[in-house]
Amino acid sequence: MTETPITRAARGTPPTVARKIKGLSDRAIAWIFVGPTIFLLLAVNIFPLIWTINLSFTNFRANRPNREVEYVGLRNYERILTDTDIWLNMQATAHFLFWTIVLQVLIGFTLAYLINKKFKGNDLWTTIIVLPMMLSPAVVGNFWKFLYQPQIGLFNYIVAFFTGKDPSSFEMLGQVNLAPWSIVIVDTWMWTPFVMLICLAGLRSIPDYIYEAAEIDRASKWRQFWTITVPMVMPFLMLAVLFRGIENFKMFDLVVQLTGGGPGSTTELTSINLKREAFEKWRTGYASAYAIILFVTVFGLASIYVKALNKVKER
Amino acid sequence: MKYSKLTAVSALSLATAGFGASAQAEDLTLCWAAWDPANALVELSKEFEAQSGHTMNFEFIPWPNFADRMLNELNSGGNLCDLLIGDSQWIGGGAENGHYVKLNDFFDAEGISMGDFADATVYAYSTWPKGSENYYALPAMGDANGWFYRKDWFERDDIRAAFQEATGRELAEPKTQKELLEIAQFFQEREIDGQTVYGAAIFTERGSEGITMGVTGALYPWGFKYENTPGSYDMEGAVNSPEAVEALEFYKEFYETATPPGYTNSYMGESLDAFKSGQVAMAMNWFAFFPGLYADPNTGGDKIDFFVNPPQNQAGSTLGGQGISVVAYSDKQDAALEYIKWFADPEVQQKWWDLGGYSAHNAVLESPTFKDSAPFAGDFLEAMGAVQDFWQEPAYAELLLAMQKRIHDYVVADQGTAKEALDKLIEDWTETFEDEGKL
């Protein structure tokens, strides 16, 4: 008889267990295996989601368990969607999301392209470049706060060196026009290596013979780049964008450390605002509606994006 | 509420049973903020451990996370803390949500009189509803927002002459808020001993309570009121009065013209750092830090002096400080109450002040030697005579966060006008009180 994983598993099953499951159908055995996973999924994902949806139609406050809970219909949703401050938080999130992804993709791909070339010290440089993403966001946030310090911060001195400006004449974290960029810079510094690694995997998956065939056809390097490299790395790149997009939509720790959402509410991303509503103001019903709106937004955008990704893969 | 009554009854029965001979030694945990007075309390509590046989453990949380951490603990019914020195604004929520044990019966049984403590502290730290005689805490740590300055700079002839020339008056402790700003502006970007120094460190922190605690230091002296009539929640014309608008504009001008660069998200720690590093001539902070500042080898001693938050239209200081409560979820309430009984003793209160804590006991405050017992003692007494506190409603966190946002948006982010900021604040607060069913 041919040896297969199933026969190997059957042979490895202890006789006592084998006796017990002998009379069970394949479907029943399948349920025994899948059941715990489904139970866990229902308990830790689906039930909380349904519960949150339920809470979003109430005025429940988790810090007032004894208070009578009233169903308020769509009032929480209406309040959120008509609140201009929340739309400003959405704008801040969109700005952060857009620019971090653009910069990380551009720089990450460029770094991957350079690192992919064979040169001395290649591995060392790769290790050095990926160091930032290994650090804790709290640590990164704290030391960038020092770097941005107007009087002693290295960042201000570097900018001053190149522009001739007084280092203490601008405040990256304190000025309304600069603070949104300060968080973009830090996130880009920290997470570009992640995009670079994914792009590197894409670049290394391109077989050499394709380039060799292009060389034989006398295709220029420029042409090779646009007709071979970019299309073949594109699915990897899109995957990196998906990961970074979802992550940055939920961005919290790094920005809280850097600016606390300030100055004013300039860098108060939706996740920071949501946390304040849920766990500082304790407006649980309202915060649940807020979370559902954000969930639907991310889920909707991610679904559209995954469809586009699949189309690119099929090409 | 039933649960609170039960705990109060059990507290009374335990109290009447007598604590002198403890049935068993307990491991008590006291929760508070991590700051200088907490260290003094650890020292003080050693005496309680020796007397009672109980062991004291301490859970001290850094200020920026203190409210978050402790309110989560209380809201989840956690029993991490047997005793909690909670912020004054938590008293409403602590009482109404059943987090704190009501102490009236215990006080009666043990002969602890609230009349023995300073009125302002009893009102602010112990009672709910305000002005009632329902006590949920014993005043533990009196505190207010005050000022300290570089006395050595203020006494230098060259600086005094320059100030005289610039303003036409003597350089001295400010008598009004406007004088305070004038002095801060004078020092702003001034060269002293080859270093550029700045006017003053004020509170601008966004995340917890910083900028609210700072700006109220200007609002109260201008005559700011939360309501037209106490208890009415009628805020229009009070919160956004012309005086309030002027005070808010003043604070913004202070921030823009007299603070160090990058001072956009600063609270207690940053204020202390700025002063101790010789960066600023003056700084605002809580009296609780003053013993440590005075003892500092570099900027303390002869180099430092203190003053009360200056008046403008009236005297007014932002209230700090806390009361000590027994947590309703603790299963060691008898030992916790024993600690409170011990702590209320006048002799212990005197030691508390001697170690660097701010006693609110009249026996300490009214002692003829009190004013001269520390360079800031007289200022403390004066400040406590004109303190005002933020809302102490159960929804205080929501009210506070709204104010943090509106004030930071205006003062630091330079958005809109002072009147608009205060109008929006009234809208936010109205919505909160409507949700609470109070409007």
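Which residue in strand 9 of chain B does R150(B) stand opposite? R150(B) stands opposite I304(B), in a model that is predicted, in which local features need pLDDT of at least 70, side-chain atom pairs count only at pLDDT 80 or more, and totals for chains, interfaces and linings use all residues. Residues are numbered from 1 along each chain as its sequence is written, while chains are lettered from A and ligands numbered from 1 in the order in which they are written. The points below concern chain B, which has 19 helices and twelve strands; helices (H or I, at least four residues) and strands (E, at least two) are DSSP runs, numbered from the N terminus.

**Confidence**

- The model has an ipTM of 0.79 and a pTM of 0.85.
- The average pLDDT of chain B is 92, and 95% of the residues score at least 70, where pLDDT is the predictor's confidence in each residue, from 0 to 100.
- Residues 1-21 of chain B have a pLDDT below 50, although this stretch has 31 contacts in the model beyond near neighbours in sequence; two residues are in contact if their C-beta atoms, placed from the backbone, lie within 7 Å.
- Where pLDDT is low, the predicted coordinates should not be read in detail.

**Overall form of chain B**

- The C-alpha atoms of chain B fill a box of roughly 70 × 50 × 35 Å, taken along the principal axes.
- Of the 439 residues of chain B, 53% are buried, a class that requires 20 or more other C-beta atoms within 10 Å of the residue's own, whereas 12 or fewer make a residue exposed and counts in between make it partly exposed, with C-beta atoms placed from the backbone.
- Among contacts in chain B between residues at least 6 apart in sequence, 75% join residues at least 24 apart.

**The sheet 6-7-8-5-9**

- Five strands of chain B form an open sheet in the order 6-7-8-5-9, with mixed pairing; two strands pair if DSSP finds at least two bridges between them.
- Strand 6 (190-192) and strand 9 of chain B stand at the edges with a single partner strand each, so one side of each is left without a neighbour in the sheet.
- Neighbouring strands of this sheet are turned by 35° against each other on average, direction ignored; axes are lines fitted to C-alpha atoms, for helices over the stretch in contact, and angles run from 0 to 180 degrees between N-to-C directions.
- Helix 12 (residues 268-276) of chain B packs on the sheet, where it touches strand 5, strand 7 (195-201) and strand 8 of chain B, and its direction makes about 150° with that of strand 8.
- Strand 5 (residues 145-150) of chain B is largely enclosed by the rest of the structure, because six of its six residues are buried.
- Strand 5 of chain B runs antiparallel to strand 8 (residues 280-286), to which five bridges join it, and pairs in the antiparallel sense with strand 9 (residues 304-308), also over five bridges.
- F148(B) has A283(B) as its bridge partner in strand 8 of chain B and stands opposite F306(B) in strand 9 of chain B.

**The sheet 2-1-3-11-4**

- Another open sheet of chain B has five strands in the order 2-1-3-11-4, and its pairing is mixed.
- Strand 2 (55-61) and strand 4 (138-141) of chain B are at the edges, each with a single partner strand, so one side of each is left without a neighbour in the sheet.
- Strand 3 (residues 83-87) and strand 11 of chain B run antiparallel and are joined by five bridges, with G323(B) in strand 11 as the bridge partner of G86(B).
- Helix 14 of chain B packs on the sheet, touching strand 1, strand 3, strand 4 and strand 11, and its direction makes about 145° with that of strand 11.
- Helix 14 (residues 333-343) of chain B is mostly covered, with ten of its eleven residues buried, including L337(B), I340(B) and F343(B).

**I324(B) in strand 11**

- I324(B) belongs to strand 11 (residues 322-326) of chain B and counts as buried because it has 24 C-beta neighbours inside 10 Å.
- Leaving aside neighbours within four places in sequence, I324(B) is in contact with residues including L83(B), A137(B), I340(B) and F343(B).

**Contact with chain A**

- In chain B, 21 residues are in contact with 25 residues of chain A.
- Helix 18 of chain B gives the largest share of the side that touches chain A, six residues.
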